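The sequence and the structure come first, and my notes follow.

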Amino acid sequence: MAGSETFVSKVELHLSCKGLRNKDTFSKSDPIVSVWVYDKLRKCWSEVGRTECVKNNLNPQFSKTIYLDYHFEEVQKIYFSVYDVDNENQTLQLENDDFLGALETTLGQVVGSGTYSKPLQGKKAKDAGTITIHAEEVTQSRQYLTIQFAGSHLDKKDLFGKSDPYLEFHRANKDGSYSLVHKTEFVKNTLNPVWKPFTISAGSLGRGEDSCVIKVICYDWDNDGSHDLIGEFTTTLGDLLSQKLMTWELINAQKVSKKKYKNSGTITISSIKVFQKYTFLDYILGGCQINFTVGVDFTGSNGDPSHPKSLHNINPDKPNEYIRALTAVGEVCQDYDTDKLFPALGFGAKIGGKVSHEFALNGNPSNPYCAGMQGVLAAYHQAIAAVELYGPTNVAPVINHVANFAEQAAQNPSAQQYFVLLLLTDGVITDMRETKLAIIRASALPMSIIIVGVGGADFQAMNELDSDNKKLTVGTQVATRDIVQFVPFRKYQGDDAAYSLAQEVLAEVPRQVVEYMKSKGVSPINIR
């Protein structure tokens, strides 16, 4: 063979269980499935996803889909662990919950079977129930639907009330089986429910095929898990994509034989919108440029570079943390930058007797660009020898420097440029308020900021900038979106430290790029 290509595909797994053990005293188990894959590089198991928790059910069908990369040429070990969840926060470690059973297999076996059912292995009990995994290749579709359904004159199912209806959407698979792909919330005590709008891809809902049958089942929710069937109907993906406000009759097969039975109510689309949702790869393949800029801390707290314990000490046999972080992140970013010319800036040094919070590492303020990562590292070595480490640690000027370019690029959205700033610092930022304001400004621009803490300082205050849970705020000014990712370099040890650092700090960038482009209504230039 002259050469070979690695076959990689993405598959989706739909999970269900039967006959699970009951671990709750006054109700049934509340099962959840945690899915793990074996990482050959790190030689350990890594959790890749969880289903939702299904309350009071020993035979759960899970609506949340698990997505995995499938490598035909590899043996990919996969592990499914089922727990009865006792805590409200399902993001916590499941080891504190009751273990119901597990299955270890390979992704190849699952994919090869299509529908794969096996007994779960419990700690002691022989009969821990079974788990069924249905695998299908993911249909790549940019089409998404946001739909809202409403019901009218549904059957009354509750003795002392009306009904608590909810909808399940089951997609027909190629083998004739059905997979649960979405479940609405239940609406309490009504025969005329209006459910919340939800968004789903055409690929998930109907494999991206207009002819794909979708079975919609309406149930009356019961707290004990014994939900009562109200009725069902079928439609197709093509019907939904037509964006017509259609109405269907709910039919309960058990009532059809009754003389006066007409239907169990009707379901209507009250609103529907079909739109294109683009991925990071769509923008990159469409010509979006990632412009990478480096900002390095040259304050005195790093220590005299000539001293072996200095964070800026240059040792050919042992690269310092600045060099290792620059290399790890820069080598990934440079692949998305066509000209491979990176501005490299420093802050906190004294140059010519004056402190500068924004200077070119290569000594050329009119042209701070360096050729590739080798050029950045060469400029870093040059700066270490030429400047005096001083202070304080003011980073707002560097952020605003990059934001100025991002602001210019935003004036021409068809150019599709995005800016990533890598800041390396050994201590707590001195101009915190100014930095927050600079970040808030940058959040409305095509820009992301990665901050890597170097050395052993206390970086607790830096977490304020990485506002994952709430948007960064200063007074009445609020960030448009979260654009900062902060990590301490000391978190990464061992042979794969550089790989792990790059993987974590860059993980949010694709989402941030898509989020910005979507907010501005920018589509990729050339869709392939």
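**Entry 1: a residue in a strand**

I started with threonine 293, which I found in strand S17, residues 289–297. The model I am reading is a predicted one, and I keep that in mind throughout. Is threonine 293 buried or exposed? Its relative accessible area is 5%, and because buried means under 20%, I noted threonine 293 as buried. I then looked up its contacts, leaving aside neighbours within four places in sequence, and listed Pro343, Leu345, Val402, Val420, Leu421 and Leu422.

**Entry 2: H5 and H9**

For helix H5 (residues 321–333) and helix H9 (residues 497–506), I noted axes that come within 9 Å and cross at roughly 55 degrees. The two helices are therefore oblique to each other, and H5 passes H9 in a right-handed crossing. Which residues of H5 and H9 meet? On the H5 side I wrote down Ala325, Ala328, Val329, Val332 and Cys333, and on the H9 side Ala498, Leu501, Ala502, Val505 and Leu506.

**Entry 3: H7 and H8**

I then looked up helix H7 (residues 396–410) and helix H8 (residues 432–442), which pack at an angle of about 15 degrees with their axes 9 Å apart. Since angles under 35 degrees count as roughly parallel, I recorded H7 and H8 as roughly parallel to each other. The crossing of H7 past H8 is left-handed. H7 contributes Ala396, Ile399, Asn400, Ala403, Asn404 and Glu407 to the contact, while H8 contributes Glu434, Thr435, Ala438, Ile439 and Arg441. Here the contact residues divide into five nonpolar, three polar and three charged.

**Entry 4: a sheet of four strands**

Last, I followed an open sheet of four strands, whose order I noted as S3-S2-S5-S6, with antiparallel pairing. Which strands stand at the edges? They are S3 (44–50) and S6 (98–106), and each has a single partner strand, so one side of each is left without a neighbour in the sheet. With direction ignored, neighbouring strands of this sheet are turned by 25 degrees against each other on average.

Notes:
Residues numbered from 1 in each chain as written. Predicted model: local features only at pLDDT ≥ 70, side-chain atom pairs only at ≥ 80, totals over all residues. Heavy atoms only, no water. Axes fitted to C-alpha atoms, helices over the stretch in contact; angles between N-to-C directions. Parallel < 35°, antiparallel > 145°, perpendicular 65-115°, else oblique. Left-handed = near helix turned anticlockwise from the far one by under 90°. Contact = heavy atoms within 4.5 Å. Nonpolar A, V, L, I, M, F, W, Y, C, P; charged D, E, K, R; others polar. Pairing = 2+ DSSP bridges. Buried < 20%, exposed > 50% of the residue type's maximum accessible area, 1.4 Å probe, protein only.
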